[in-house]
Amino acid sequence: MLDAHERPTAVRRSRDWYASATRWTQLTLAENDPVAFDPAVWLDIFKRTRSNATCLSAGGYIAYYPSKVPLHYVSTYIGDSDPFGTLVDGARRLGMHVMARVDPHAIHQDAADAHPEWVAVDKDGNKRRHWSYPGIWVTCAYSDYNFKFMPQVVEEITATYDIDAIFANRWQGHGVCYCDACRANFKAASGFDLPMTTSVDDPAWLAWGAWRRTVLSRLVAEWDAVMKAIKPHTSFIPNMGSISLMEFDLDVIEKYCPFLCVDDQGRTGVEPVWMAGRNGKRIRGTFRDRPTILITSIGPEERHRWKDAVTTAPEMQAWIDNGTAQGLLPWFTKFNGVVSDQRWIGPVAESFARYADLEPILSATAPSAEIAILDPTTTLRHHDGESRKTAEAHDLGVYQALIEARLPFEMVSDQAMTPRDLDRFKVVILANSTCLSDAQARMLTDYVARGGAMVVGYETGTRTEDNAPRSAPVLADLLGVRVTSPARGPVKNSYVAIAGDHPLTHGFEDATRIIGGTHLIAVEPTEDVETPFLYIPDFPDLPMEEVYPREKPEGAAVIARRHPNGGRTVFIPWNVGQVFWDVLAADHARLITNAVHWALGKEPDVRVAGRAVLDVAVRSNDEGLVVLLHNLTNPMMMKGPIRETFPVGEQEVSVAVPAGKRLRAARLLVAGVDAAVREGEGRVAVAVPGVETLEAVHLTWA
């Protein structure tokens, strides 16, 4: 007899089927799997992990069913079998939802010979062989391959099999394609030749980004229409990373994507564990109520590509648990149907079970926080590759500082923000939103006029939404400054001096100066501001005998301003977030945290005390709230894979009691015990004896 959580349930085939698809298994088959793998093993894994949905390899580069579409390459090992169909039928018997996976990024030689126009071309005019498997060819995502051939595949899968959706991997193309069709189509649409650089100063590059968004948005709509014509409840679900929100028109995603898949499968190089949850916040900052799934890989995600390996159990669990703590639904992916290393099954099942037990209360509450980081998608969409990493470092530094401060916070996209969205928060942080439109600037200014607060960094608002330079930062008047000299740098050996007692200087009592930035803007403040830090004119860093300041501090390095109606702003005219992300200097974390606390102007509604690095999330409804504590404390938190989990000791979670409410009950949901509490002065303090990986403090009000 099946356990209660293993019993099949009725499969919903309505348009909102995805609402009950909350725990996903993805199996990406290898070509020889039709004769090498055992489908029964995977049906058992579905049950062990309590998965209620699955994504299965179907077609595109290789078909795992007997396709009749001309030039659709079918696995040479398939014989008389139908691996995809067998897995679909088995999953449906377990009451699971099914999504078919297609991958259109490459084709075999026969298709390339029959349709050379399907093959991508590099800037030198060479057709692109696959970078990893040279016997095949990379497709042009903007060609008839995606717009004429793949719709036939999509149609065949939808008509033949009992599926709810089709999921496409590597469907967006791989950079600029220089084929004849792309040259002609781009020229006709933009008037430019295809860009030869990815520089934000190249108008052709900026135009190509806009053209690509238009083409791919049309592709999403057309594939979705093919499916709905056959089965109205189905959808085409494009695979996305969090950066994809910068690559597509938001109204297209809003219309055609009932839920979103974030393909950020694990950590690469130096990358903190909290990056998993950040994906959830970024998507939620654009589509607040849209279900979003985080794909986690069983294998290590290093650039060397061991896709058929198994990473450590604590590493997998850390990535899954951080995602679910920040509102993402769990999905794991395994490459190759042969399970040669079973060490991952138990840990994944444990994390999935932990989420399944928390799911009822998490689904009944919504994320809530007093603080938000403005996601500068208007800025970042102009960048690519290393340029984007450099631009994004400002926000990553602020994110890390807030994690260290144990402050719960959300993110809101500058593309999607509305006055109502902004008013959900008491403080909005613009780490370096370089590109802002006039409308965005007005919205932010009005937010402060209504009593909101902002912490603003570096070159925010110095360029238009189209990346054109402005004569003056668009928020300068709001911040109480006049720019006297634009950004200069890189500067070595720069410092800022502490200029008197102020809440922003607390914690620096035994110092007269702290590390400054590497890129500095000179500003002249207005009379109604406070300047708790001043620039120290930079001086040589070598020879060592010359390392001393020549001049007295002058020029505002931090500007704090109190506005009517209770609004507050802090402006830091140097790259504090970027430098903190680079060197992790404690003084910069303190400065960022002090700025946020001063802007908030009161004690945070949720405060966590204890010796630990925790990612804190808050979810609430009218009946109560949940404070989730994900334990990041680990010597490997910035570089995976984690070897073991390091539990932390007692933490205290202090929560402000809403007006007119009183505490009814407090419980630790993961530990499964009632919590010890202390009440007084309008707050409830909950003692959490310790946290191994994840704890959820649930308070209900009477």
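Colleague: Which residues of α6 meet α7 in this predicted model?
Modeller: On the α6 side you've got Cys-182, Asn-185, Phe-186, Ala-189 and Ser-190, and they meet Ala-204, Ala-207, Trp-208 and Trp-211 of α7.

Colleague: And by class, how many nonpolar, polar and charged residues are in that contact?
Modeller: Seven nonpolar and two polar, with no charged residues, where α6 touches α7.

Colleague: What angle do α6 and α7 pack at, and how far apart are their axes?
Modeller: About 100 degrees, with the axes 10 Å apart. For reference, α6 covers residues 180-190 and α7 covers 203-230.

Colleague: So what do we call that, parallel or perpendicular?
Modeller: Angles from 65 to 115 degrees count as roughly perpendicular, so that's how α6 and α7 sit to each other.

Colleague: OK, switching to the sheet. What's the strand order?
Modeller: It's an open sheet of nine strands with mixed pairing, running β13-β12-β14-β15-β22-β21-β20-β17-β18.

Colleague: Which strands are at the edges?
Modeller: β13 (410-413) and β18 (513-515), each pairing on one side only. The twist from one strand to the next averages 20 degrees.

Colleague: How about β15 and β22, parallel or antiparallel?
Modeller: Parallel, over five bridges, between residues 453-457 of β15 and 568-572 of β22.

Notes. Residues are numbered from 1 along each chain as its sequence is written. This is a predicted model: local features need pLDDT of at least 70, side-chain atom pairs count only at pLDDT 80 or more; totals for chains, interfaces and linings use all residues. Side-chain values use heavy atoms; hydrogens and water are left out. Axes are lines fitted to C-alpha atoms, for helices over the stretch in contact, and angles run from 0 to 180 degrees between N-to-C directions. Helices (H or I, at least four residues) and strands (E, at least two) are DSSP runs, numbered from the N terminus. Angles under 35 degrees count as roughly parallel, over 145 as roughly antiparallel, 65 to 115 as roughly perpendicular and the rest as oblique. Contact means heavy atoms within 4.5 Å. Ala, Val, Leu, Ile, Met, Phe, Trp, Tyr, Cys and Pro count as nonpolar, Asp, Glu, Lys and Arg as charged, and the others, Gly among them, as polar. Two strands pair if DSSP finds at least two bridges between them.
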